[in-house]
Amino acid sequence: MKLKILIIIFLSIILSGCVPGVSSTGLFGTGVSVAIDPRTVGTQIDDSIMQKTISSKILAMDKKHFLKVKTKVLDGRIFITGKVDAPEEKLKITKIAWETKGARSVRNDIKIKEEFNFKQSAKDLLITSQLRTALIVNKNIKATNYQIDTYKKKIYVYGIALTDEEKEMVISEAKEILDVEDVVASILLLEDLRIQKN
């Protein structure tokens, strides 16, 4: 078990800077090719427009949210993570998301900001790196199709699984990480998408 943890830590340090296209941005960033993304080009464009619309509205609400709030749109489903100063801000951001044209659902995992804790942030970063490495190493998982965020030892995984087995493997890998207290998986199956690539 200790050897496995050491290997994962070592690989996460090496791979985090060396593997092109395999970043924490996953399919939500610009580094993923259309060939990997199981959504149709049309759906990707719709999702991208929605994501830009939501981001610009959140930014217009307050510029401080630029780095603190992240949004992802998958097949019209909106996922929001990050930290805000007050509960009212969280509610306003949720309202913005729901009012976005094309929104099918909104999952808001924004936390109310607390005093910065370096030790906790470092632990969360390590957990994220360990899971990212575990997904890359597992040949049965398309690691680039997943976004990982960790907050207070709670892992949030977003993405698209090609099969139900892959979805279960991702969740299982997350639960095996040392010190993880909870896993929140918002993983869509390819067959659940509105329009699939032919």
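These entries go from the sheet to its helices.

I am working on a predicted model, where local features need pLDDT of at least 70, side-chain atom pairs count only at pLDDT 80 or more, and totals for chains, interfaces and linings use all residues. Residues are numbered from 1 along each chain as its sequence is written, and side-chain values use heavy atoms, without hydrogens and water.

**Sheet.** I looked up the strand order. I found an open, mixed sheet of 3 strands, β1-β2-β3. Strands are DSSP E runs of at least two residues, and helices are H or I runs of at least four, numbered from the N terminus. Pairing takes at least two DSSP bridges. β1 (69–74) and β3 (105–112) each have a single partner strand, so one side of each lacks a neighbour in the sheet. The twist averages 10 degrees from one strand to the next. Axes are lines fitted to C-alpha atoms, for helices over the stretch in contact; angles run from 0 to 180 degrees between N-to-C directions.

I then checked β2 (residues 77–84): 8 bridges join it to β3, in parallel. T81 is opposite D109 in β3.

**Packing.** Helix α2 (residues 41–61) touches β1 and β2 (contact: heavy atoms within 4.5 Å), at about 155 degrees to β1. Helix α4 (residues 87–98) touches β1, β2 and β3, at about 160 degrees to β3.
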